[in-house]
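I opened my notebook to write down what I looked up, beginning with the chain as a whole and ending at a single residue.

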Amino acid sequence: MAGAAEPPASPWNIGGAVRVNYVYKSWQPEYRHGFIGLDTLRLDVKYDDEHLIGSAQYRYNHFPAGQGGYTNNFLHHGWAGVRFADKSELHVGLDKVPFGLLPFASNNFFESIAYYLGLEDTYALGINYAWRSGPVAWRLAYFARDGGSYGGGGNTARASNRYSFNLVPDDDKLGYGTGQGDRERDTLVARAAWHAPGEANTELGLSLLSGAIHSNNGARSRRRAAAIHAKGSRGPWTMMAEALYYHNDTRHLPGQTFGGLDPNSFVILGAFGYPYPVAAKGVVYVANVSYDIAGSAGPFTGFKIYNDYSVLKKKTGGFKDSLQNVTGLSFSSGKWMFYADVMLAKHQPYMSPDFGGLAATSPLHDGFSRRFNLQAGYYF
């Protein structure tokens, strides 16, 4: 019928993704040609009627033998909220912790070393408020607890079946048998980011975090983190930088350790099915640069080349530094997204054989390791 009004768009949006990886690791001679496997299946649900808003995502991972041969599944995030007339937003539920560079302190698929410390792309359960005052964007959040643990195969540690790296109870069979049982509680986060006007598209920010640590031995202590961060773009170039300090001030018992380490020189973090030790105190530096290539090549477009560097300097236990450098290319074609990453790392659990390397390092793995990752993801 001519002139008839179009029906209003539904506030609901349902989507998801399927991702597949090719992986080569220099420390796996049994897979000297690498291997291919399913990475992730995920379901996304969003709601936005311009006033009431919400978002949720559930993931299923199935990793091939070269990556442990296991499965897990978890709620990535799930929150409901309100958008007010001044465009400020209030979220309640499992939401992103507004700390450091947002939305990520990295360009590559594996993120920066801060991610593996629970200080990038981390989600927790609580209340999150975001608003803007002139050129400054503010975020203030309270998280009563972490995002919880979910399901996994029999060869995963139950408390570590989660997306976000959090303080978790150690596992006797699949962990380090330390008996540590820390959990994150009552975390306050504040973030301020000043946005410069004009073509430079510059953001300068400060983030602060303070939270409680509840231990299974009855002790109560605190964890703290602070970061200064900057991001700027000019033309096709984008640069990101961050300096981050963190301290988990634990109260472990003398026997809650392994290998003769001071029990308060490290904490146990876990995600994706496995726990590992991390230095209790440290400084992280992040320096990233990327370049957007204009135009297309056949059906492919959105080309970005990047180099992401990050290092963890441990301030306890006399532990050696951990570092990673990822050089890569990302591009897309319709609903497909592709990453090609070349990783060089030392004492990094997902880019070297030194799985405990974010705390005390193994003398067997003191050199650099290489990992190549090619990913194809279909997003619908």
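I began with the charges, and I counted 35 positive and 31 negative side chains in the chain, with the centres of the two sets lying 3 Å apart. I note here that the model is a predicted one.

Next I looked up the secondary structure, which comes to 0 helices and 20 strands. For the overall form, I found that the C-alpha atoms fill a box of roughly 80 × 50 × 40 Å along the principal axes. I also compared the radius of gyration of the chain, 21 Å, with the value near 21 Å for a compact globule of 380 residues, and the two agree.

The chain exposes about 17200 Å², of which carbon and sulfur atoms supply 61%, while 50% of the 380 residues count as buried. Among the contacts with a separation of 6 or more, I noted that 60% are between residues 24 or more positions apart.

Is Thr-178 buried or exposed? Its relative accessible area is 2%, and because buried means under 20%, I recorded Thr-178 as buried.

I looked for its partners too, and the side chain of Thr-178 makes a polar contact with the side chain of Asp-170 at 2.8 Å. Leaving aside neighbours within four places in sequence, I found Thr-178 in contact with Asp-170, Gly-255, Gln-256, Thr-257, Phe-258, Phe-266 and Ile-268.

Key
Residues numbered from 1 in each chain as written. Predicted model: local features only at pLDDT ≥ 70, side-chain atom pairs only at ≥ 80, totals over all residues. Heavy atoms only, no water. Buried < 20%, exposed > 50% of the residue type's maximum accessible area, 1.4 Å probe, protein only. Polar contact = N/O pair within 3.5 Å; in protein donor to acceptor, adjacent residues only side chain to side chain. Contact = heavy atoms within 4.5 Å. Helix = DSSP H or I, 4+ residues; strand = E, 2+ residues; numbered from the N terminus. Rg over C-alpha atoms; globule rule 2.2 N^0.38 Å. Areas by Shrake-Rupley, 256 points an atom, 1.4 Å probe, with all protein chains shown as cover. Lys, Arg positive; Asp, Glu negative; His and termini not counted. Charge placed at Lys NZ, Arg CZ, Asp CG, Glu CD.
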